Amino acid sequence: MARSILAVVAGYATLALVIFVTFTALYLVLGADRSFEPASYDASTLWVVTSFPLGVAASVAAGYVCASIARAVRAPQVLAGVVLVLGLLFAIPVLRAADAPSPARAGDVSNMEAMQGARQPKWVALVNPFIGAVGVLAGAGLRRRRKGGARD
């Protein structure tokens with residue numbers, strides 16, 4: 001039981017770390033002008049399209065780590081549920097703020113300012129938790145196939 005809890009926590013930590021590192025790198029590569037729509041904090045189409053594969057990679061890594069530690073099927077399923085539920089809870093503020101006008105953005109902004117001010121479309125906030133949950137299960141499946149199965 002303790003191993004499964006540790007696996008879920010480590011999987012979620014992996015997800016958060018990979019998201020933070022890859023999205024920070026993406027912002028540094030794209031810069032403010034290509035990450036956001038002109039003069040706003042609304043995510044650009046380029047950002048949205050590029051963020052999906054990064055999110056999938058992060059969730060697959062999380063599922064793989066979780067399955068590696070737990071060596072059982074249940075822990076990645078729990079992690080997928082946690083990713084789905086927390087993702088939907090985190091989507092609530094995005095949905096509430098989506099109808100308000102985006103604050104003006106002047107030129108380049110730091111990574112921290114970008115993270116605090118960024119606004120994503122409603123549909124992205126709702127789709128990401130499902131993609132994350134499926135990615136976790138896919139990552140766990142990769143681990144199981146590599147090791148030749150898992151015990152229940």
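1. Crossing of α1 and α2. In this predicted model, helix α1 crosses helix α2 in a right-handed sense. The two helices, α1 and α2 (residues 45–70), pack with their axes 8 Å apart and at an angle of about 160°. That angle makes α1 roughly antiparallel to α2, because an angle over 145 degrees counts as roughly antiparallel. Sorted by class, the contact between α1 and α2 comprises 21 nonpolar residues, 9 polar residues and 2 charged residues.

2. Crossing of α1 and α3. Helix α1 (residues 2–35) also packs against helix α3 (residues 74–97), here at an angle of about 45° and with the axes 9 Å apart. The arrangement makes α1 oblique to α3. The crossing of this pair, α1 and α3, is right-handed.

3. Residues between α1 and α3. On the α1 side, the contact is formed by Ser 4, Ala 7, Val 8, Gly 11, Tyr 12 and Leu 15. On the α3 side, their partners are Ala 75, Val 78, Leu 79, Val 82, Val 83, Leu 86 and Phe 90. By class, the contact of α1 with α3 holds 11 nonpolar and 2 polar residues, and no charged residues. The student may wish to locate these side chains in the structure above.

4. Crossing of α2 and α3. The axes of α2 and α3 come within 8 Å of each other and cross at roughly 145°. This crossing, too, is right-handed. Helix α2 contributes Ala 62, Gly 63, Cys 66, Ala 67 and Ala 70 to the contact, while helix α3 contributes Ala 75, Pro 76 and Leu 79. The contact of α2 with α3 divides into 7 nonpolar residues, 1 polar residue and no charged residues. Salt bridges. How many salt bridges does the count give? The count comes to 2 salt bridges. In one of them, the side chains of Asp 33 and Arg 105 meet at 3.5 Å, taken from N to O. Asp 33 belongs to helix α1 and Arg 105 to the loop between α3 and α4, so the pair ties together parts that are 72 residues apart in sequence. Side chains of opposite charge can pair when their charged atoms come close.

5. A backbone detail. Where is Ala 39 found? Ala 39 is found in the loop between α1 and α2. Although Ala 39 is not a glycine, it has a positive phi of about 60°.

6. Overall make-up. The protein contains 5 helices and 0 strands. Read from the N terminus on, its elements run α-α-α-α-α. Along its principal axes, the C-alpha trace of the protein spans about 55 × 30 × 20 Å.

7. Confidence of the prediction. The protein averages a pLDDT of 90, and 95% of the residues score at least 70. Which helix has the lowest confidence, and which the highest? Confidence is lowest in helix α4 (residues 111–117), with a mean of 82, and highest in α2, at 96.

Key. Residues numbered from 1 in each chain as written. Predicted model: local features only at pLDDT ≥ 70, side-chain atom pairs only at ≥ 80, totals over all residues. Heavy atoms only, no water. Axes fitted to C-alpha atoms, helices over the stretch in contact; angles between N-to-C directions. Helix = DSSP H or I, 4+ residues; strand = E, 2+ residues; numbered from the N terminus. Parallel < 35°, antiparallel > 145°, perpendicular 65-115°, else oblique. Left-handed = near helix turned anticlockwise from the far one by under 90°. Contact = heavy atoms within 4.5 Å. Nonpolar A, V, L, I, M, F, W, Y, C, P; charged D, E, K, R; others polar. pLDDT = per-residue confidence, 0-100. Salt bridge = Lys/Arg side-chain N within 4 Å of Asp/Glu carboxyl O.
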